[in-house]
Amino acid sequence: MINWRSPKVKKLAQAFLSLKTESDTLNFLRDLCTLDELEELSTRLEIARMLGKGVSYRKIAERTKVSTTTVTRIAYWFEHGEGGYKNIISKNKR
């Protein structure tokens, strides 16, 4: 099993923590990720937001244009993960 809390991952988390503005964060994300990766990450967060609102898997899949398998995978981590999705969603209600 991969140690997802490795020193490299911790340095990445520290890099995010050092960013002060939305602009700085966006610039870092653009340099760090491909456009496809940014789209994928933002879609995952949007799916988690919809799960938190009780939207059905099928409606989420239709709205986000992903498979219900993808929605199910994100739902698993939403419910049984480390609480990251729920933490971010509670801090950024929109």
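## Exercises on aromatic pairs

Searching the whole structure turns up three aromatic pairs. Rings of Phe, Tyr and Trp (its six-membered ring) pair if their centres lie within 6.5 Å; planes under 30 degrees apart count as stacked, over 60 as edge-to-face and the rest as tilted. Please keep in mind that this is a predicted model, in which local features need pLDDT of at least 70, side-chain atom pairs count only at pLDDT 80 or more, and totals for chains, interfaces and linings use all residues. Residues are numbered from 1 along each chain as its sequence is written, and side-chain values use heavy atoms, with hydrogens and water left out.

**Exercise 1.** Describe the pair formed by Phe16 and Phe28, and work out which helices it ties together.

*Solution.* 
- Step 1: Phe16 and Phe28 lie 5.3 Å apart, centre to centre, with 75° between the planes, an edge-to-face pair.
- Step 2: Phe16 belongs to helix H1 (residues 7-18) and Phe28 to helix H2 (residues 22-32), so the pair ties together parts twelve residues apart in sequence. Helices (H or I, at least four residues) and strands (E, at least two) are DSSP runs, numbered from the N terminus.
- Step 3: Now for accessibility: buried means under 20% relative accessible area, exposed over 50%, partly exposed in between (1.4 Å probe, protein chains only). Phe16 is partly exposed at 33%, and Phe28 is partly exposed at 25%.

**Exercise 2.** Characterise the pair of Phe78 and Tyr85, then find the charged end that sits over the ring of Phe78.

*Solution.* 
- Step 1: The rings of Phe78 and Tyr85 are tilted, at 6.5 Å centre to centre and 40° between the planes.
- Step 2: Phe78 is buried, with a relative accessibility of 9%, whereas Tyr85 is partly exposed at 22%.
- Step 3: The charged end of Lys86 sits over the Phe78 ring, 5.0 Å from its centre. The criterion is NZ of Lys or CZ of Arg within 6 Å of the ring centre and within 35 degrees of the ring normal.
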